[in-house]
Amino acid sequence: MAHPAVLSGLVERYWALSVLSAESGSPEAHGRLEDVAATLCVATGTSDVHAALTAARYRLPGARTFDDSILGPRPATRHRTHA
């Protein structure tokens, strides 16, 4: 597994290139995106870019053991008051 600093850079490049590829639709942008995706797979020991992004996320500082971000905001918790 690559160093977290390397993974962070690759993830940032992947997301930037995915936006560029979506906006421009150029073959060059798509090719660069595919190259970064392949590098991410090699760096994380995976064979799928989505698995690579997940693996990278767990290696980066501040990673959670369970990614609950897809669940939306957490409900406010009630605090019990002791009388």
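Trainee: What kind of model is it?

Mentor: It's a predicted model, so keep that in mind throughout.

Trainee: How many helices and strands are in the chain?

Mentor: There are three helices and zero strands. Going along the sequence, you get the pattern α-α-α.

Trainee: And what share of the residues is buried?

Mentor: Buried residues come to 28% of the 83 in the chain. As for contacts with a separation of 6 or more, 44% of them join residues 24 or more positions apart.

Trainee: OK, helix packing. At what angle do α1 and α2 cross?

Mentor: Roughly 155°, and their axes come within 9 Å. The cut-off for roughly antiparallel is over 145 degrees, so α1 and α2 count as roughly antiparallel to each other. Their crossing is left-handed.

Trainee: Which residues in α1 and α2 meet?

Mentor: Quite a list! On the α1 side they include Leu 7, Tyr 14, Leu 17 and Ser 21. On the α2 side, Ala 29, His 30, Leu 33, Val 36 and Leu 40 are among them.

Trainee: How do α2 and α3 pack?

Mentor: Their axes are 9 Å apart, at an angle of about 55°. The pair is therefore oblique, and this crossing is left-handed. From α2 the contact uses Ala 37, Leu 40, Cys 41 and Thr 44, and from α3 it uses Val 49, Ala 52, Leu 53, Ala 55 and Ala 56.

Trainee: What about the loop between α2 and α3, which residue sits there?

Mentor: Gly 45 is one that has its place in that loop.

Trainee: Is Gly 45 buried or exposed?

Mentor: Exposed, since its relative accessibility is 66% and the cut-off for exposed is over 50%.

Trainee: Switching to the inside: which residues touch the most other members of the largest nonpolar core?

Mentor: Leu 7, Tyr 14, Leu 40 and Leu 53, out of 17 residues in that core. The elements giving two or more residues to this core are α1, α2 (27-44) and α3 (49-59). The largest share is six residues, and α2 supplies it.

Trainee: How many aromatic pairs does the structure hold?

Mentor: One. The rings of Tyr 14 and Trp 15 have centres 5.2 Å apart and planes at 80°, so the pair is edge-to-face. Trp 15 itself is partly exposed, with a relative accessible area of 47%.

Trainee: Last one: where is Ser 21, and is Ser 21 buried or exposed?

Mentor: Ser 21 lies in helix α1 (residues 4-24). Its relative accessible area is 12%, so Ser 21 is buried. Not counting residues up to four places away in sequence, Ser 21 touches Ala 29, His 30 and Leu 33.

Terms used
Residues are numbered from 1 along each chain as its sequence is written. This is a predicted model: local features need pLDDT of at least 70, side-chain atom pairs count only at pLDDT 80 or more; totals for chains, interfaces and linings use all residues. Side-chain values use heavy atoms; hydrogens and water are left out. Rings of Phe, Tyr and Trp (its six-membered ring) pair if their centres lie within 6.5 Å; planes under 30 degrees apart count as stacked, over 60 as edge-to-face and the rest as tilted. Buried means under 20% relative accessible area, exposed over 50%, partly exposed in between (1.4 Å probe, protein chains only). Helices (H or I, at least four residues) and strands (E, at least two) are DSSP runs, numbered from the N terminus. Contact means heavy atoms within 4.5 Å. A nonpolar core is a set of buried Ala, Val, Leu, Ile, Met, Phe, Trp, Tyr and Cys residues joined through side-chain atoms within 4.5 Å. Axes are lines fitted to C-alpha atoms, for helices over the stretch in contact, and angles run from 0 to 180 degrees between N-to-C directions. Angles under 35 degrees count as roughly parallel, over 145 as roughly antiparallel, 65 to 115 as roughly perpendicular and the rest as oblique. A crossing is left-handed if the near helix is turned anticlockwise from the far one by less than a right angle, and right-handed if clockwise.
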